[in-house]
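Subject: Handing over a structure

Dear colleague,

I am passing a structure on to you, together with some notes on what was found in it. Please look through the sequence and the model first, and then read on.

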Amino acid sequence: MLSIVDIDRGTPAVKSDTVVTLEIDGRSIQVPEGTSVMRAAAQAGINIPKLCATDMLEAFGSCRLCLVEIDGRKGYPASCTTPVAAGMKVSTQTQKLAEIRRGVMELYISDHPLDCLTCPANGHCELQDMAGVVGLREVRYGYEGANHVFAKDKQGEANPHFVAKDESNPYFTFDPSKCIVCSRCVRACDEVQGTFALTIQGRGFESKVSASQDNRFLDSECVSCGACVQACPTATLSEKSLIDRGQAEHSVVTTCAYCGVGCSFRAEMKGEEIVRMVPNKDGHANHGHSCVKGRFAIGYATHPDRINVPMIRQKISDPWRIVSWEEAIAHVASEFKRLQAAYGKFSIGGITSSRCTNEETYLVQKLVRAGFGNNNVDTCARVCHSPTGYGLKSTLGESAGTQDFDSIEHADVVLVIGANPTDAHPVFGSQMKQRLRAGAKLIVIDPRRIDLVRTPHIKADYHLKLRPGTNVAVLDTLAHVIVAEGLVDEAFVAARCEPAAFEKWRALVAQEKYSPEAMEAETGVPAELVRGAARLYATGGNAAIYYGLGVTEHSQGSTAVMAIANLAMATGNIGREGVGVNPLRGQNNVQGSCDMGSFPHEFTGYRHVGDASVRGSFEDAWGVRLHDEPGLRIPNMFEAALDGSFKGLYIEGEDIAQSDPNTQHVTAALQALECVVVQDLFLNETAKFAHVFLPGSSFLEKDGTFVNAERRVSRVRKVMEPKGRYADWEVTQLLANAMGYPMNYTHPSQIMDEIARLTPTFHGISFDKIDQLGSVQWPCNEQHPEGTPVMHVGEFVRGKGRFMLTEYVPTSEKVNAEHPLILTTGRILSQYNVGAQTRRTANVMWHDEDRLEIHPHDAEERGIKEDDWVGIESRAGQTVLRARVSERMQPGVVYTTFHFPGSGANVITTENSDWATNCPEYKVTAVQVTRVSQPSEWQKRYQAFSNEQQALLDAAETP
Amino acid sequence: MNIERLIAMANDISHYFAAEPDKAAGAASVADHLKRFWEPGMRRQIVAHLHAGGEGLEPLTKVAIERLAQIDPKAMS
């Protein structure tokens, strides 16, 4: 069922500079060339009956309901498949058309249940609407003949055409008895999602929709994106939540709180209850598509595990005590003041959340800088995309991606390195797949055979299956080929880049040691593949690079980001549509939390705290003197905690005890702190070490903005009251006031107004502006009043582009006899980050434990079979997971996800980090893997500690 | 803070800037990086470690930290 408020114009909008004028029902109408007659009519408010047509899909022409008459043409062409022509005269309502349409509907209804009143689609069913529109009054054929409706015939014999309802998917049902075989679901799976899980099986009256090889939905290739459910014109595919609750009465546009794609959704509501989430067709990032997380996995927001009352305790071995907000806030302020009095101003700090809004993130860093009087503030981008900030700022001049997502429509070559968009950024992954199917070439640089390498109708032209840790080496070999074979865009470089820096870079990568042949032994990538990929990237037309954490989370993460920017500059692939450098951000608001001044060394808009004029502007606005030196980064905070100089930490919506590397080191640091304050939805792993718990609010409970991977600022809109009474920004404000630093905002829009005043790239942004435009990409200011889809056009933000040197420095994390395998980590589609949200939804049906993926050769050598328990040991720690033997891996490399805390993926990862930003080297850990029969010592301790903490929570006392 | 960690981090930074053909410029970049991104207490600690013999610091790192000591009064206090 489509959204309750969307208007469906039948076929997709067409872009064309040529305008065609035609006449429909006597009215003159102008539309772009290539538009269908159906859409042209709809634009003029003339609704032609339709069933198989919807504007989320290409025209199909199967239902024969949208027939029209056109002067001078024979017969009754389908208006959905007939493009407009100049001077065309169309009639949509004639006696003959009415007879045909009624006849068509009569046939449909003769094989459809007549349970409209108790049907979940009642009132929004397109079949029901069309029966009304065509004036169907009788079905002469009766209902007794061959049909798909009844399980048994009148004699009690089983009906061979009947197929029972499939309720296997946790989020939607498939009721074939209501199916009209319009193929909208099949086409949605093909055109929108690109998975091809659905098909029409059989011919004629035998035709039916089937998932994979007639599997149940849950057992099929279906990725549960829900595009088919949205496309279905009847109740054949229906959300279970819609069946349970009935239809919504209002809808609110908001932004998804999962990955960095930042999809726009309509939250369809009944009062304060969500009926369903429907992706917004007008959403600029997603154009009406979604994934299983954003559309369906929202049950966490109302999960019974949520803690909606503040709690405090003296020691982490004490039971929690439920207290009033007033007492909790007074307690935190008094503890933080005590710590600063005893250990100095710099002994406390805060961590902002990439899951919270910009306004909330901004307030936390303001509290730290202005209220605490130091710069000890950091954010989880430290452990994911901090190298992007450093690397892109150094080369291009701005710490952000250069394009919008739609830019890929103009790309001829797509280079994906260290990213797995079909799992981690699924909606953009689908857009990428569409472009690849339309002919763009694909280069994948990844140690694993990710889905994109070979997926229906897509095959990578090059897959450089490198050894983990050799990104910079591979990028340098690509650069070597471009330089050595004369593929540099000399005119672009001469006009746009610093010449001296370019020459230094050219000399570096031209060295023989960076030839693909010389590096082959190090990277494991055959030289001819590198040469082919380099030539394709440099000469294949518009070439765009997309990268993720497989680039940043390395000891040379920042170097790799700069190497990517160098490649784009050297080949002139920057500063227009279809090209560019595109970091795919992990969490919903990673870009925003970085923009908001969450890093200890910079204010909003990436301006250093040492810059006196910038600092002065904040001092004037905030009314206090501000510290002019960088504060502690998250890993520095841990070190400082262990040496006794750092004592108190305010953590908003981040779970460092699960997400950060070397878990045992992190938990030791947390235990060394005297006051840990966690503000979150759940008692997460970090909260088990906390002294104060403050209830957080979900994205459904507050107003604000998120910034996605394209720098797009979108509104988050409140659809229900905060379950713990306050939105997160209000909690930070209470804390600031209690600490003696006054904050008096009455609405998040005022916080954005302050951000806009103080941040040049945000000058033009306000809630009003976003409401007006739908969303806006920063920089948005006097020069770019409607935002900036593509950056660095004509000139780089820093003026001339700067080539940075990218010497390959192998990581110190090396395999040896003791630890002969390399472990690398990543994500899967159904789960999100530490899993705190998705583990509390039915998404666990797809992934209920983290597994160790291992190549059959490595498995056989160790006597490991599928499902065996295996111990994984690094120099940092040991954990135990079940094995999944998989040829997606290369020999010598093992892989796991980190969605479940008990898996202990980060017990194994080490303290190694990116040289420039201390982003952890999650992607390379030397390990040994052996068959074992019981959990690791750490896991036993973890389980005991977790049980104890759960008991302390269950024993929480109310005063 | 754990000085071993600081030594490793400082050496990591100089490994990057070692590619700079002009060694003095490379050392200056390392020093500048430390000044821009390291909290002053960490800078003081690494300078003090250098002045106590600098065990574990690689040659370029040593030159850079000496330079940091000259340009950064906060690393000396």
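This is a predicted model: local features need pLDDT of at least 70, side-chain atom pairs count only at pLDDT 80 or more; totals for chains, interfaces and linings use all residues.

Residues are numbered from 1 along each chain as its sequence is written, and chains are lettered from A and ligands numbered from 1 in the order in which they are written.

The buried residues of α2(A) are A:Leu97, A:Arg101, A:Val104, A:Met105, A:Tyr108 and A:Ile109. They lie on the same side of the helix because they cover an arc of only 130° around the axis, the arc being that of the directions from the helix axis to the C-beta atoms. These buried residues pack against β3 (69–70) and α3 (126–134) of chain A; helices (H or I, at least four residues) and strands (E, at least two) are DSSP runs, numbered from the N terminus.

Further along chain A, strand β26 (residues 675–680) is mostly covered, with 6 of its 6 residues buried. From this strand A:Cys675, A:Val677 and A:Gln679 point one way, while A:Val676, A:Val678 and A:Asp680 point the other way. β26(A) pairs in the parallel sense with strand β25 (residues 648–652) over 5 bridges, where two strands pair if DSSP finds at least two bridges between them, and A:Gly648 has A:Cys675 as its bridge partner. β26(A) also pairs in the parallel sense with strand β27 (residues 692–695), over 4 bridges, and there A:Phe693 is the bridge partner of A:Val678.

Between the chains, the contact takes 18 residues from chain B and 19 residues from chain A, two residues being in contact if their C-beta atoms, placed from the backbone, lie within 7 Å. On the side of chain B that touches chain A, α1 (3–17), α2 (23–37) and α3 (40–51) of chain B each supply at least two residues, and α1(B) gives the most, with 5 residues.

With best regards

Note on methods: A residue is buried if 20 or more other C-beta atoms lie within 10 Å of its own, exposed if 12 or fewer, and partly exposed in between; C-beta atoms are placed from the backbone.
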